[in-house]
Amino acid sequence: TELAREKIFYSYTRNINGFAAILDDKEASAIASVWPESKSFSDEGYGPIPSRWRGSCSRDVGGVVCNRKLIGAKFFNKGYSAFIGDALNDTFKTVRDHEGHGSHTLSTAGGNFVPGASIFGHANGTAKGGSPRARVAAYKVCWPPLVGGNECFDADIIAAFDAAISDGVDVLSVSLGGNPSEFFEDGISIGAFHAVKKGISVVSSAGNSGPDPGTVSNVSPWMFTVGASTLDREFVSYVQLGNNKQLKGASLSSVAMSSRTFYPLISGDKAKAADALAEDAILCQPETIDPKKAKGKILVCVRGISGRTDKGKQALLAGAVGMILVNDRKSGNEVIADPHLLPATHINFTDGNTLFAYINFTRNPTAYITPVETKFGLKPAPVMAAFSSRGPSLIEPSILKPDITAPGVSVLAAFTELVGPTEDESDKRRTPFCLQSGTSMSCPHVSGIVGLLKSLHPDWSPAAIRSAIMTTARIRDDTGNPMLDSSNKRATPFAHGSGHVRPNRAMDPGLVYDITVNDYFNFLCARGYNQSLLSLFSDKPYACPKSYGVMDLNYPSISVSQLNGSMTVSRTVKNVGSARSTYKARVRSPAGVTVLVKPSTLKFEKIGEEKKFEVKFELNKSNAKSEDYVFGELLWSDGSHYVRSPIVVKYK
């Protein structure tokens, strides 16, 4: 209608068939970045931009200029502008990074080699991205949060996908997301589908809502979903108690205590302001701490609600000389090195109990916080981050998500110089590199690896590349034991997916589980999508098959969400290893389930040959456990390649 046409602010006509408009319910029913000056983006030593590249730099009031490394930079704000219903000022008309997130993630994926990178003299070394010689482009879609969130609008996200596809990108690294939602209601999912149709790999963050189950987002089977885990590097700052006990913490404070002097200790609840609640003060929420009680002391704050560095800011405002951040039970053993504004350190839940016992049962408790030291060879590592969102997928439990985990805790990468490392207005420090944590940081690690694999295997599909990375991942840590969760318990595939990424192994996976675009359409058909919904993913009608189930998708992991009696699923593997090879199956069956693979031997005669096999699951009630989910694995090996798939089963 003419009314709708007047309200259209994006028209996706190049790769995605649709439009975006602000419409009320009646109208709707009538119609179905970066910090470019960073050395990580230097083009020194680069030749001419490839002729196939069709991208460009937006007209940018922020002065962002492209080069032979940073070959594209565009911003998308019309969805944001339409929502607030007002004209945007010049701060919204730039790709320039105002908070560091875009610079950090882009340089992690494809940043150039930068010798001597560090933050406050720590983590010194050569910084580089996963694909350090790749050309990079930035598409800015997120803006300052509005009331209730919604800082990244689907209209802007889909417009960015549309532009990136037309520009000619090979890999899209998407370090953003929201609550899990049905595929046709999710702009990232729709945009990613159209990218994958053109052979573009889309890597995305699993989310930072862990460790609660069912929190994983970006769960579409055509996306590569990445969780976050730790490195074997740590930034150590100890709490030395007055009773000679020492508690190990993590910190990146730029200042240290002036001398080895012990200071009085006080917990936030005991330092609370007269009109504050104790449960708010123990979290060191704004305006809950009484400066008269906290001044000259080390303030103890419990993790939760407000940001970790903000708690340090509240301690500083109250006149405290230091801050100890203590994990709550949910955060367990996960400690994070943050660039605090005052001497501070972050200790785990168990040590927090020791600290509180000392404070509560000692007449004059005192402590000293040691200066930060960088240490390597941490054991065990990697460990799953508590914040990393967990499966199962609430949208489609037959697809195991996340797919993989990668480093996402205390990652050093390029940063904006418009704000300090805490991103608080009061932070006047500036640093070209910064440590950040989140699945936003782990996602570009995998994006960089995908870029390398695309260079090595240009004929592989996005699904084949994902399969190569997933089936070669590792589920053991540097002690040789199974990876742990932040609770010190064994991590499950709902935390790490197929395991922790191993780039070198992924170059030669032996076998891959490939998936075509039509397979994804069949999957949507099996989920009951009609032609109207399918039209969001295709510019022409698609004929759904008469018989196809969601379990038939040739995914590299196997998730059986409702096992009652027996069930059989099929998979197909393609030989990409040795021309002549014989693979034999080994199974670690989930508790209470009998797993049979038929055939149990696959013999290949040439590269590219495909073989189909079936996996039968049978509930063994005599051995069934009471847990909701049980876990196992299927391993195919020819003696030199090990192709591993996690198995997840839920009893009905």
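Modeller: Start with helix α4, residues 101-110: 9 of its 10 residues are buried, so the rest of the structure largely encloses this helix. Keep in mind that the model is a predicted one. The buried residues of α4 are G102, S103, H104, T105, L106, S107, T108, A109 and G110. Buried here means under 20% relative accessible area. The cover over these residues includes the strands β3 (70-75), β6 (136-140), β19 (411-414) and β20 (433-436), together with helix α11 (439-456).

From the helices, turn to the charged side chains. Side chains of opposite charge can pair when their charged atoms come close. The count of salt bridges in this model comes to 20. One of them joins the side chains of K330 and D212, at 3.1 Å from N to O. This pair links distant parts of the chain, 118 residues apart: K330 is in the loop between β14 (322-326) and β15 (344-347), and D212 is in the loop between β8 (201-205) and β9 (224-229). K330 counts as partly exposed, at 46% relative accessibility, and D212 is also partly exposed, at 33%.

Another salt bridge is formed by the side chains of R308 and D338, at 2.6 Å from N to O. R308 belongs to helix α9 (residues 308-317), while D338 is in the loop between β14 and β15; the two are 30 residues apart and the pair links distant parts of the chain. With a relative accessible area of 22%, R308 is partly exposed, whereas D338, at 7%, is buried.

A further pair is R588 and E633, whose side chains meet in a salt bridge of 3.9 Å, N to O. R588 lies in strand β24 (residues 581-588) and E633 in strand β28 (residues 629-637), so this pair ties together parts that are 45 residues apart in sequence. R588 is partly exposed, with a relative accessible area of 37%, and E633 counts as buried at 15%. Salt bridges also link E182, E396 and R527 in a network.

Charge also gathers on the surface. R474, R476, R490 and R505 form a patch of positive charge there. Of these, R505 lies in helix α14 (residues 503-506), and R505 is partly exposed, with a relative accessible area of 45%.

G242 counts as partly exposed, at 40% relative accessibility. Leaving aside residues up to four places away in sequence, G242 touches F262, Y358 and T366. G242 and A367 are 125 residues apart in sequence, and their C-alpha atoms are 5.5 Å apart in space.

To return to the part you asked about: α4 is largely enclosed, with 9 of its 10 residues buried, and both β6 and α11 are among the elements that cover those buried residues.

Notes:
Residues are numbered from 1 along each chain as its sequence is written. This is a predicted model: local features need pLDDT of at least 70, side-chain atom pairs count only at pLDDT 80 or more; totals for chains, interfaces and linings use all residues. Side-chain values use heavy atoms; hydrogens and water are left out. Patches are made of residues with over 30% relative accessible area and no salt bridge: like charges are joined within 9 Å, nonpolar side chains (Val, Leu, Ile, Met, Phe, Trp, Tyr) within 5 Å. Accessible areas come from the Shrake-Rupley method with a 1.4 Å probe; for residues, only the protein chains shown count as cover. A salt bridge is a side-chain nitrogen of Lys or Arg within 4 Å of a carboxyl oxygen of Asp or Glu. Lys and Arg count as positive and Asp and Glu as negative; His and the chain ends are not counted. The place of a charge is taken as NZ of Lys, CZ of Arg, CG of Asp or CD of Glu. Helices (H or I, at least four residues) and strands (E, at least two) are DSSP runs, numbered from the N terminus. Buried means under 20% relative accessible area, exposed over 50%, partly exposed in between (1.4 Å probe, protein chains only). Contact means heavy atoms within 4.5 Å.
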